[in-house]
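Please keep the structure in view while reading.

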Amino acid sequence: METAINIAYACKLISNEMKQFIISSETDVIREVEERGDQVELARVMKEEVKKELKKCLEEAQQYFNTLSGPKLALVIDGKCLMYALDPSLRVMLLNLSLNCNSVVCCRVSPLQKAQVTTLVKKGARKITLSIGDGANDVSMIQAAHVGVGISGLEGMQAVMASDFAIAQFRFLSDLLLVHGRWSYLRICKVVTYFFYKNLTFTLTQFWFTFQTGFSGQRFYDDWFQSLYNVMFTSLPVIIYGLLEKDVSASLSKKYPQLYMEGIRNSFFKWRVVAMWAFSAIYQSLIFYYFVTDSTSTGQNSSGKMFGLWDVSTVAFTCVVVTVNLRLLMMCNSMTRWHYISVGGSVLAWFVFVFVYSLIRENVLYVIYVIMSTFYFYLSFLLVPTVALLLDFIHQGIQRWFFPYDYQVVQEIHRNEPDGYLRAGGLEISNHLTPDEARSFAISQLPRETSKHTGFAFDSPGYESFFAAQQGVYVPQKAWDVVRRASMRSKAKAPLPPKR
Amino acid sequence: MDSNTPPSSSAAAGSADPSAARRNSKRPKYSRFTQQELPACKPILTPGWVISSFMLVSIVFIPIGVASLLASHNVVEIVDRYDTVCIPESARNDKVNYIQSPGDKTCTRNITVTKHMKKPIYVYYQLDNFYQNHRRYVKSRSDAQLRSNGSADDVSSCEPEDKSNGQPIVPCGLIAWSLFNDTYDFSRNGQQLSLNKKGISWKSDREHKFGKNVFPRNFQNGSLIGGGSLNSSLPLSEQEDLIVWMRTAALPTFRKLYGKIEDDLQANDVIMVTLENRYNTYSFNGKKKLVLSTASWLGGKNDFLGIAYLTVGGLCLFLAMVFTILYLVKPRQLGDPSYLSWNRNPG
């Protein structure tokens, strides 16, 4: 129990200002009954004690809760008491108490109890739970939670094999959640809504055509245009987007952890957002269809010749492909050269395809050459995508300025900062880093040794200062490291070798 | 799924030998793509950008709109509906019967030219309520057969107009079978106006789609006659009426080029049109119209593009002003942290 509390202090789970509720099985009452040796009696007494303690703690917690600026609460409970606290009759009290607390420390728990606690929170509080562990005893807990994170290391790979995510060191958890988890949420939301939007636009344009074909089911586009729309002309940009999109950089994601709330509040996939995309798709499909068909009702160039069905639909299709790809660019928060390559490449692929295809395929023979020989094509090629994207542009302009998302405000605050990717090997310290950052960057470039205690929450001590001293980089001593060295029995001679 | 792992290399205890360290390292090969550190452009849509985009669009679009609208206004178009008036009074109760019965269907119409029309003047026939875009209709043709003589037997998609008396029809299909066969002759003050019927179809159709050695065979031989017949001594690439007709239109109201008048028409000229009212649009309430039109660099009389450009240009100008006013009325400093949601609603 003491060890557990000390470790919790070291991890900053508990601090001195917090009010601690301790439910321990080491009380005098229980010890007395234990000495008597009667198991049945022991069970009964323990249950009574635990119930009493829980009730007391819960009442105190309620009191603190009612006052506005009460201290934070922490609960420490050990395995034996937990066994009785997870009993169906006491479970609810335990859950209520632990949900009111900022931290809960359970020590000496068995793997089954770990899983039971996780399930209690998962089912009782109906929140998303994440559990992290590195050993085989954590497997059941990892599997019980919504998200299980395993730490791969020297305790073996059992936890990793049972987990949803595997990381190498405990401290990567913050990266996993705040950086990659957040980006992943953003990317998935945007990719899914964009996918529905582009297909809706494409299909609705055909839909408006059916009203004017006597509902006979004649397709507006040529078959191969339709088949290759999702495969060749609009697929690569959205893949690149899903891989590389970042709303704010990694360091800013960690600096503003409140940005994570956007995922919790589901701000990018609400019904309102989906409805906006759908409305945009409907509007654009109307523009594509009616602008193109209304402007081709008379002769098309100075020789008075008329367009046929396939000419009109090729013009419309070209506009659809270009608009949908440009819409993706409008949606990007960070555009790499792959974005430009994929968007430009997709539009280029369309043109190359239709140039070749219209030489081969009978019903659309020479269609593209016919339409490109008229001024009309170029004028409508300029007009139609612009009008189609106008609504989205207005919406973005208004939303961005008057109702900005948090990440957009963060982007604006840090708009003038460079990316800070310094990875050319040596100790390249640019003028932008503070001395502290420069120092930690220098240390991170030093050769490291594997940390054998990867399950712990603090770094391996000592080596940093040793190697750093060798390279001439000054490192301030860590408090606990000084204490640790001072408490070692054998006085080591300086320089101190890394202790293993 | 592995998250990105920063470099972690092992070193032999106590020694800092770099080569030994790299050999045992589990560090993945560094690439800017996989570490997602590609240099990126991070555009922020500031008010400046919004307003300047709108201004740019309006500056580009308004002149184009003016030019298009001027071009369209300079086109003179005369439309004359003749399908009802060309049926004699006595037969107006049963138009279908009249059109299907044999006999002379000549009809004379007088068209007054409103404005001076420069040559060439394009003559179109316009059909309403004729669904050339119906699925069964569009399907009913054989492009292979049209192109080469050797594929004359490729009539599978042409049903029901594929074979007649056991022989394949060239050209097969409903589209060819329903060929428009009204004819028009123009004269002014008793003098015949020459009508050029060459070059009314797209060049690519004439050269690539309709073969030079494919001749009509077995055409309109059946019991049900759907439209015009073809001269079997002319190859298909020279049958321009057929070529124009077979370029199926997109909408149920369409017009197709019939010919070009190579003379100027003065204002107040009266053109006498001698037309043969043969085509049956009465059984489906279709309309037939004769259109005389000049053409500009943009084509026929269609205000749509011009109006659309002007509307969009004007709208963008208006939006630029609205946004300017909005941004002045409700200013917000770029990067104002008080807009962060946790600063707006504390607790």
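## Aromatic pairs

Rings of Phe, Tyr and Trp (its six-membered ring) are said to pair if their centres lie within 6.5 Å; the pair is stacked if the planes are under 30 degrees apart, edge-to-face if they are over 60 degrees apart, and tilted in the rest of the cases. Under this rule, 60 aromatic pairs are counted over all chains. One of them joins Phe225(A) and Trp350(A), which are edge-to-face with 5.1 Å from centre to centre and 85° between the planes. Helices (DSSP runs of H or I, at least four residues) and strands (DSSP runs of E, at least two residues) are numbered from the N terminus. Phe225(A) belongs to helix H10 (residues 223-233) of chain A and Trp350(A) to helix H16 (residues 337-360) of chain A, so this pair ties together parts that are 125 residues apart in sequence. A residue is called buried under 20% relative accessible area, exposed over 50%, and partly exposed in between, with a 1.4 Å probe and protein chains only. Phe225(A), at 1% relative accessibility, is buried, and Trp350(A), at 0%, is also buried.

A further pair is made by Phe351(A) and Phe381(A): the ring centres are 6.2 Å apart and the planes stand at 80°, so this pair is edge-to-face. Phe351(A) lies in helix H16 of chain A and Phe381(A) in helix H18 (residues 375-402) of chain A, so the pair ties together parts that are 30 residues apart in sequence. Phe351(A) is buried, with a relative accessible area of 14%, whereas Phe381(A) is partly exposed at 27% relative accessibility.

## Basis of the model

The model is predicted: local features need pLDDT of at least 70, side-chain atom pairs count only at pLDDT 80 or more, and totals for chains, interfaces and linings use all residues. Residues are numbered from 1 along each chain as its sequence is written, chains are lettered from A and ligands numbered from 1 in the order in which they are written, and side-chain values use heavy atoms, with hydrogens and water left out.

## Chain A and its domains

Chain A contains 22 helices and six strands. Of its 500 residues, 49% count as buried. Contact means heavy atoms within 4.5 Å. Among contacts in chain A between residues at least 6 apart in sequence, 69% join residues at least 24 apart.

Domain bounds come from an automatic or database domain assignment. For chain A this assignment gives domain 1 (1-109), domain 2 (110-168), domain 3 (176-413) and domain 4 (433-486). The C-alpha centres of domain 1 and domain 2 of chain A are 22 Å apart, and ten residues of domain 1 are in contact with ten residues of domain 2. Buried area is the accessible area (1.4 Å probe) that two parts lose on being put together, summed over both. Domain 1 and domain 2 of chain A bury about 790 Å² between them, with 80% of it on carbon and sulfur atoms. Leu86(A), Leu95(A) and Val109(A) supply 61% of the area that domain 1 buries against domain 2, more than any other three residues.

## The interface of chain B and chain A

The contact between the chains takes 91 residues from chain B and 97 residues from chain A. The buried area is about 8,400 Å², of which carbon and sulfur atoms give 65%. Gln36(B), Trp202(B) and Arg332(B) supply 9% of the area that chain B buries against chain A, more than any other three residues.

A salt bridge is a side-chain nitrogen of Lys or Arg within 4 Å of a carboxyl oxygen of Asp or Glu. Two salt bridges are found across this interface. Arg332(B) forms a salt bridge with Glu412(A), and the closest N and O atoms are 3.0 Å apart. A charge sits over a ring if NZ of Lys or CZ of Arg is within 6 Å of the ring centre and within 35 degrees of the ring normal. Arg332(B) also lies over the face of Trp401(A), at 4.3 Å from the ring centre.

## Backbone features

Lys119(B) and Pro120(B) are joined by a cis peptide bond with omega of about -10°. Pro120(B) is placed in the loop between strand E2 (106-112) and strand E3 (121-128) of chain B.

Arg126(A) is a residue other than glycine with a positive phi, near 55°. Arg126(A) is in the loop between helix H6 (111-125) and strand E4 (130-133) of chain A, and is exposed, with a relative accessible area of 73%.
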